[in-house]
Each structure stands twice: as C-alpha cells, then as structure tokens.
Amino acid sequence: MKQFLMHNDQIRILFLIAEPTDSARLRLRQELHDIKQRLQLAPKRERFVLDYELSSHPEEISQAILTFQPQIVHFSGHGTSNGELCFEDSLGRMQPVEPPVLAALFELVADWVECVVLNACYSDIQAQAIVQHIPFVIGMKTAIDDQAAIAFAVGFYTALGANRSIEQAFKFGHLQIQLQGFPESEYLSPVLHSKSSQKPKDTDLYIERPPIEQQCFEVIQQNSSLIRIKAPEKMGKTSLMKKILSYARECDYKTVALSCRGLIDNRVTTDLEQFLQSFCVAVGNKLGLPNQLSDFWDQQLSAIYNSSFYFQNYLLRNLTCPLVLALDDVDLVFEHSRIAEDFCKFLRICYESSKQGDSNSIIWEKLCLIIVHSTEIYTSLDINQSPLHNVGLIIDLPEFTQEQVQYLVILYGIDWTAVEVEQLMSMIGGHPLLLKIALNYVMRQNKTLEELLQVAPTSSGVFGDHLRELWEKLSKNLELKRVFSQVLQADEDNLIQLDPIQAKFLQRLGLVILEGNFVKVRCQLYRQYFRIFFRL
C-alpha cells in the first residue's frame with residue numbers, strides 16, 4: 001500500500017460541502033475554516049493544498065475529483081440512517097446518493113485517491129463500500145453531534161499537518177472529541193477502515209438494517225435494559241446479537257454470550273430447579289466465577305427466588321461495569337412446558353428488579369439482557385401471553401432491501417447491475433442466508449447469474465442442501481406439511497388465512513411471510529421447489 005502522507009511532496013485535499021436548503025443547518029463552513037487554520041499552522045504547511053466545493057452537486061463531484069486529483073477527499077454534510085450521503089440537486093434541495101454509486105465512482109479514481117473522510121451521520125455504510133477500492137476510509141457509524149464532528153476533523157488534520165500517518169491522525173481525531181468533553185457515544189462514532197485489513201469477500205460480512213442497530217446501541221447503554229430479537233430461522237438474529245455485543249465491549253461492558261443448546265437435555269427440561277441451577281452455573285463459568293450454589297441456594301425457597309438471589313448477591317454484586325448477557329437459541333427453552341413460562345418469569349424479574357427502588361436496585365442496573373428466538377408461538381408457550389409480553393425493545397428482523405442487497409453484492413466484488421440484483425431477488429427475496437449462499441457460489445465458482453438461477457429450485461442446485469433440510473423438517477410434522485401444501489396451492493395474488501399457531505410454525509421455518517392474518521410463500525425458490533415435491 002502506498003504511504004503517500006510520508007513520501008509525497010504535496011498532499012492535495014478536496015473538501016466537499018453539501019448543505020441542502022431543506023435540511024437542518026450545520027456548521028460546515030466552520031469545519032472548513034478550522035481545517036484550513038490547522039493546516040496553515042503545520043510545520044510543513046507548504047505540502048498541503050486545499051481545494052473545496054461549497055455546494056456539492058452529484059454531477060460535479062466526479063468533475064472536481066478528476067480535475068483536482070486529490071489524495072484526500074473529505075465530505076462534510078448530512079447522512080441518512082440507511083447510509084445515503086445527502087448532496088444538493090439543481091435547486092439546492094436534498095439529493096441522497098446511495099453507497100453503490102459512490103463506491104463505483106471511487107473505484108474509477110483509485111489511482112490517486114488514498115483516503116476518504118465522510119464526516120456525516122451514518123456514513124459508515126458508505127465507508128464499508130468505498131474501502132473495497134480506496135486504502136483508507138473514515139465513516140460515522142451513528143449520528144454525530146455537529147461540534148463533535150468538527151472536533152474530530154480538527155484533531156485529524158492537526159495530526160496530518162504534523163506528518164502523522166492516517167491511523168495516528170484518526171486516533172488524534174478520537175482524542176479531540178474526548179478532550180472537548182463529548183459523551184462516549186460521540187467519540188465512538190468515527191470508524192477507520194483499511195483496505196489491507198478487510199476480510200476476504202466471503203461469509204462473515206455484516207449488513208446493517210438501519211435504524212435497528214442504532215436502536216439497540218442506544219438501549220444497551222440504559223440501566224437494566226432488555227432487547228428481544230425475533231425472526232424466522234437463518235435471518236441473521238445471531239449476527240445482530242454479536243454486533244450488539246461488539247458495541248458493548250467498545251463501551252467497556254462485560255459481555256457473556258450463552259447458547260441454550262448447551263443448557264437443554266432430557267434431565268433439565270422436566271425440572272425447573274435443575275435447569276435454573278444449570279443456567280446460573282453456566283453464566284458464572286462465562287464470568288470466570290466458581291460454582292457457589294451451595295452458599296446461596298435455600299431449598300425452602302422457590303427456584304426462581306434462589307436464581308435471582310444468586311445473580312444479585314454473587315454474579316452481579318462485585319461487577320465494576322455493566323454486564324450484557326445474550327441468550328441465543330432460546331426457542332429450545334420455550335418448547336418445554338415445564339420450564340418455559342417460569343424461565344420467562346425469571347428473566348422478567350431480572351429486568352424489573354432495578355426498578356424496585358430498594359437498596360438492591362443499583363445492583364440490577366448493571367444487567368442488560370438480549371434474548372434471541374425465532375417466533376412468538378411455540379408448542380408450550382405463546383410469548384404474547386407470557387411474562388415477557390411487550391417487555392423491553394422488541395426487534396423483528398426484516399429481509400434485506402434491494403439497496404442493501406446491492407451493497408452486499410458490491411462487498412462480494414460482483415459486478416451486477418440493478419436489473420440483475422432484481423432478478424436474483426425475484427427468486428430468493430432478501431433472505432440473508434439464501435443471499436449468502438448465492439453470492440458465495442457466484443464468487444467462488446465464477447458462475448453467472450443465469451447459471452445460478454437455472455438450477456436454483458432443484459436438488460442439484462446451490463440451494464439443494466438448504467431445501468432438503470426444510471423438506472425433512474416438514475416431513476416430521478404431517479399436519480404442518482398438509483397446511484403448507486394449501487399455501488402452495490393458493491394463487492400468488494390471493495393469500496390464504498391459516499390457524500395462527502400453524503402460521504407461526506411455518507414462519508419460524510422461514511417458509512412463509514405473514515401479512516396480517518394471511519400467509520404467502522416466502523419466495524419463488526420455495527414455491528417452485530416444493531410444488532414439485534407436493535406434485536402440484
């Protein structure tokens with residue numbers, strides 16, 4: 001990678017300002033003034049050449065970059081929660097530009113642009129797309145205060161003026177926000193991406209679904225919070241959970257992730273006390289604490305009371321920072337009638353104990369809960385009738401939008417038009433797992449979209465293993481299989497109504513989408529494949 005800041009005789013910076021008349025006023029010109037001032041004070045100020053566009057229109061951006069040929073492009077203005085940057089149209093009004101568009105532009109000018117700074121709210125989505133082509137890109141993963149954004153820019157360019165590297169200058173920008181007394185959420189917003197440190201274009205890419213992530217980040221910072229993430233299987237629930245835990249660790253919280261798969265067996269599913277004891281010990285193990293149940297468990301009291309007491313007086317009392325406890329695969333607990341409802345009751349007690357106003361409330365304020373499950377109705381439990389009904393922040397994960405799929409395609413390095421993305425989505429929708437399978441196949445096997453779609457709804461196609469797995473699950477429940485057959489027979493434009501429990505079970509498998517009291521097959525892939533098996 002070129003180290004232009006260390007070796008170039010001249011560093012050219014293009015500063016783009018966009019302040020549409022129909023947007024909130026920002027102090028963008030103040031940011032430009034402060035940057036100019038810092039560069040003029042630099043020990044080798046003659047190295048820096050600063051040019052700027054005060055009213056940036058989309059059609060003028062490429063012209064300015066081609067003409068000036070900057071090493072650094074700095075954008076200052078507004079960003080939307082879905083990652084668009086807001087430029088100005090011919091009348092001065094807001095004109096959003098999507099991540100794929102700017103990424104394509106910077107791919108064409110990557111011969112000389114070495115760093116892009118996007119000093120705008122929610123611009124990290126843009127940054128992740130652009131860094132596929134540009135060595136360094138800085139974006140903001142959340143909304144950021146106007147003054148904090150200026151502080152970051154001042155710190156960043158002060159360090160560049162002192163001949164520091166991009167990485168070091170980024171840290172000075174962070175520090176400048178802190179020095180001016182802004183809250184933690186502000187100085188954690190800037191993110192530096194380096195092209196050399198990007199993961200291979202493969203399986204672990206995370207696509208944000210604004211404003212969900214930001215909502216979760218805000219809630220997790222509250223005392224004694226609870227987030228419940230629900231969606232059909234394979235929709236990215238665990239990935240979102242990991243994203244929240246990563247953010248919590250950035251905030252210096254302690255985190256524990258616990259899958260209920262390791263807690264459930266034939267012994268504990270029929271005995272609430274054994275299950276809760278196992279749960280308490282498992283959390284303690286994750287925290288590096290020895291089993292002290294014998295010191296805190298009173299056989300004369302209920303299992304729920306004892307578990308709460310153990311959390312309060314052993315697991316939480318001596319923590320010096322908040323604890324985020326994330327429970328994945330909670331479906332496995334909800335399926336067992338002898339423990340499901342009481343476990344929900346225990347979790348609700350954990351959530352509400354901080355609100356009692358007694359001497360122990362401050363202890364419970366340290367605990368933040370994340371509960372991950374697939375639907376609302378199970379064999380033995382209806383969440384809407386359980387102690388967890390309407391408790392905390394409830395996240396119902398949607399499919400990816402076309403814009404998010406287009407962005408994912410860019411991250412995989414696949415050169416598809418918007419029409420080709422539409423063709424893919426007409427077969428599999430915005431289902432995260434199916435998209436991951438499809439794009440990995442195209443990238444690794446060097447296949448075309450036409451080749452992918454031709455065999456997609458067959459057992460020999462790239463989705464074959466996934467489709468066979470769904471068929472096996474259906475085959476184990478003859479009633480569910482019969483009901484799904486009715487859904488397949490229905491006309492695509494005339495949805496049918498099912499028993500709510502049956503509909504929820506099909507939704508849990510990801511086979512259908514619910515629209516009010518009606519259901520439809522999730523995507524053409526499922527419709528075409530299963531109609532063959534049902535001989536329809």
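In this predicted model, the second largest pocket is lined by Pro100, Ala103, Ala104, Glu107, Gln132, His133, Gln406, Ile410, Gly413, Ile414, Asp415 and Trp416. The space inside that pocket comes to about 280 Å³. Rolling a probe the size of a water molecule over the atoms is what shows where empty space is left. Two helices, H4 (99-108) and H17 (402-411), each put at least two residues into the lining. Of the contributors, H4 gives the most, with four residues. Sorted by class, the lining of the second largest pocket comes out as six nonpolar, four polar and two charged residues.

Turning to helix packing, two packed helices are described by the angle between their axes and the distance between the axes. Helix H21 (residues 464-475) and helix H24 (residues 524-533) have axes that come within 11 Å and cross at roughly 55°. H21 and H24 are therefore oblique to each other, and their crossing is right-handed. On the H21 side, the residues that meet H24 are His466, Leu467, Arg468, Leu470, Trp471 and Leu474. H24 answers with Leu525, Tyr526, Tyr529, Phe530 and Phe533. Taken by class, the contact of H21 with H24 holds nine nonpolar residues, plus one polar and one charged.

H21 also packs against helix H22 (residues 478-489), here at an angle of about 115° and with the axes 7 Å apart. From H21, this contact draws on Trp471, Leu474 and Ser475, while H22 brings Leu478, Leu480, Lys481 and Phe484. The class count for the contact of H21 with H22 is five nonpolar, one polar and one charged. Trp471 and Leu474 turn up in both sets of contacts, meeting H24 as well as H22.

As for tyrosine 441, its place is in helix H19 (residues 432-445). Setting aside neighbours within four places in sequence, tyrosine 441 touches Asn446, Lys447, Leu452 and Val462. The chain also brings phenylalanine 463 into the picture: 22 residues separate it from tyrosine 441 along the sequence, and the two C-alpha atoms are 9.8 Å apart.

Finally, a couple of backbone details deserve a look. Most residues other than glycine have a negative phi, and most peptide bonds are trans. Proline 210 and proline 211, however, are joined by a cis peptide bond, with omega at about 5°. Proline 211 sits in the loop between strand S9 (190-194) and helix H9 (212-220). Serine 224, for its part, has a positive phi, near 50°, despite being a residue other than glycine. This serine 224 is found in the loop that runs between H9 and strand S10 (226-230).

Note on methods. Residues are numbered from 1 along each chain as its sequence is written. This is a predicted model: local features need pLDDT of at least 70, side-chain atom pairs count only at pLDDT 80 or more; totals for chains, interfaces and linings use all residues. Side-chain values use heavy atoms; hydrogens and water are left out. On a 1 Å grid over the protein atoms alone, a cavity is a set of points where a 1.4 Å probe fits but cannot get out, and a pocket is an open set with protein on both sides within 12 Å along at least five of seven lines; lining residues have an atom within 4 Å of a point. Grid points are joined across faces, edges and corners, and a volume is the space filled by probe spheres set on the points. Ala, Val, Leu, Ile, Met, Phe, Trp, Tyr, Cys and Pro count as nonpolar, Asp, Glu, Lys and Arg as charged, and the others, Gly among them, as polar. Axes are lines fitted to C-alpha atoms, for helices over the stretch in contact, and angles run from 0 to 180 degrees between N-to-C directions. Angles under 35 degrees count as roughly parallel, over 145 as roughly antiparallel, 65 to 115 as roughly perpendicular and the rest as oblique. A crossing is left-handed if the near helix is turned anticlockwise from the far one by less than a right angle, and right-handed if clockwise. Contact means heavy atoms within 4.5 Å.
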